[in-house]
Amino acid sequence: MRNISDIIEGYLKAIIEEEQNGTIEIKRNEVAEKFQCVPSQINYVINTRFTAERGYAVESKRGGGGYIRIFRVQANTRKDLIEHILAGLQTGVSHRMAVDVVYRLLEEDVLTERESKLILAAVDRTTIRIPLPERDELRARILQAMLITLLYEEL
């Protein structure tokens, strides 16, 4: 059974897919009312499921006439996408950030399901059993090495 966050995410993604320009503008309270949840639940979904690593940009304006605008960012080619992700990786990558990057590559058909599972296993906390911040630094290097391999496979 899917939880409310999954349902809200699916709803927002479906609306984005329907839009020609891949952009939606929502009012947090209206979406919360539709799903009979608190507005902070909408914030949680947007902050965790619509990240740059997953291929989205989010803008918001607070106040009575406020809105949240969600953009789907699409790269022109697989090579552009991988280069864009590599450029955005810092010296340390959290587990959540790595999962988001892999999720995006899977969604964009850059990775197969099997490849994504292999990468996630390699960068998992239980695999890299060293203290922070070294763990995040090692995770970043592993992820960068794998993405560079994919990039050169493309060329």
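Trainee: Where does Arg 139 sit?
Mentor: Arg 139 is in helix H7. Helices (H or I, at least four residues) and strands (E, at least two) are DSSP runs, numbered from the N terminus. The model is predicted, so local features need pLDDT of at least 70 and side-chain atom pairs count only at pLDDT 80 or more, while totals for chains, interfaces and linings use all residues. Residues are numbered from 1 along each chain as its sequence is written, and side-chain values use heavy atoms, with hydrogens and water left out.

Trainee: Is Arg 139 buried or exposed?
Mentor: Arg 139 counts as buried, because its relative accessibility is 1%. The cut-offs are under 20% relative accessible area for buried, over 50% for exposed and partly exposed in between (1.4 Å probe, protein chains only).

Trainee: What does Arg 139 touch?
Mentor: Leaving out residues up to four places away in sequence, Arg 139 touches Val 93, Ser 94, His 95, Ala 98, Val 123, Asp 124, Arg 125 and Ile 128. Contact means heavy atoms within 4.5 Å.

Trainee: Ok, the whole chain now. How many helices and strands are there?
Mentor: The chain has 7 helices and 3 strands. In sequence order the pattern is α-β-α-α-β-β-α-α-α-α. The C-alpha atoms fill a box of roughly 45 × 35 × 30 Å along the principal axes.

Trainee: And what share of the residues is buried?
Mentor: Of the 155 residues in the chain, 38% are buried.

Trainee: In what order do the strands lie in the sheet?
Mentor: The order is E1-E3-E2, in an open sheet of 3 strands with antiparallel pairing. E1 and E2 are at the edges with a single partner strand each, so one side of each has no neighbour in the sheet. From one strand to the next, the twist averages 15°.

Trainee: What packs on that sheet?
Mentor: Helix H3 (residues 39-49) does, and H3 touches E1, E2 and E3. The direction of H3 makes about 25° with that of E3. For such angles, axes are lines fitted to C-alpha atoms, for helices over the stretch in contact, and the angle runs from 0 to 180 degrees between N-to-C directions.

Trainee: How many bridges hold each pair of strands?
Mentor: E1 (residues 23-26) and E3 (residues 67-72) pair over 4 bridges, while E2 (residues 56-61) and E3 pair over 6 bridges. Two strands pair if DSSP finds at least two bridges between them.

Trainee: Which residues face Arg 69?
Mentor: Glu 25 stands opposite Arg 69 in E3, and Arg 69 is also the bridge partner of Glu 59. Elsewhere in E3, Tyr 67 is the bridge partner of Lys 61.

Trainee: What about Ile 70, where is that?
Mentor: Ile 70 lies in strand E3. Ile 70 is buried, with a relative accessible area of 0%. Among the residues Ile 70 touches are Leu 12, Ile 16, Ile 24, Ile 46, Phe 50 and Tyr 56. Leu 12 is 58 residues away along the chain, and the two C-alpha atoms are separated by 9.0 Å.

Trainee: You listed Ile 16. Which helix is Ile 16 in?
Mentor: Ile 16 is found in helix H1 (residues 4-18). Ile 16 is buried too, at 2% relative accessible area. Its contacts beyond four places in sequence are Gly 22, Ile 24, Phe 50, Tyr 56, Ile 70 and Arg 72.

Trainee: Which residues have the most contacts in the largest nonpolar core?
Mentor: Ile 82, Leu 89, Leu 105, Leu 143 and Leu 147, in a core of 20 residues. The elements giving two or more residues to this core are H4 (78-88), H5 (95-107), H6 (113-123) and H7 (134-154). Apart from it lies another core, of 17 residues, including Ile 8, Ile 15, Ile 24 and Tyr 56. A nonpolar core is a set of buried Ala, Val, Leu, Ile, Met, Phe, Trp, Tyr and Cys residues joined through side-chain atoms within 4.5 Å.

Trainee: And Leu 89, what is Leu 89 in contact with?
Mentor: Beyond its neighbours within four places in sequence, Leu 89 is in contact with Met 97, Val 101, Leu 143, Gln 144 and Leu 147.
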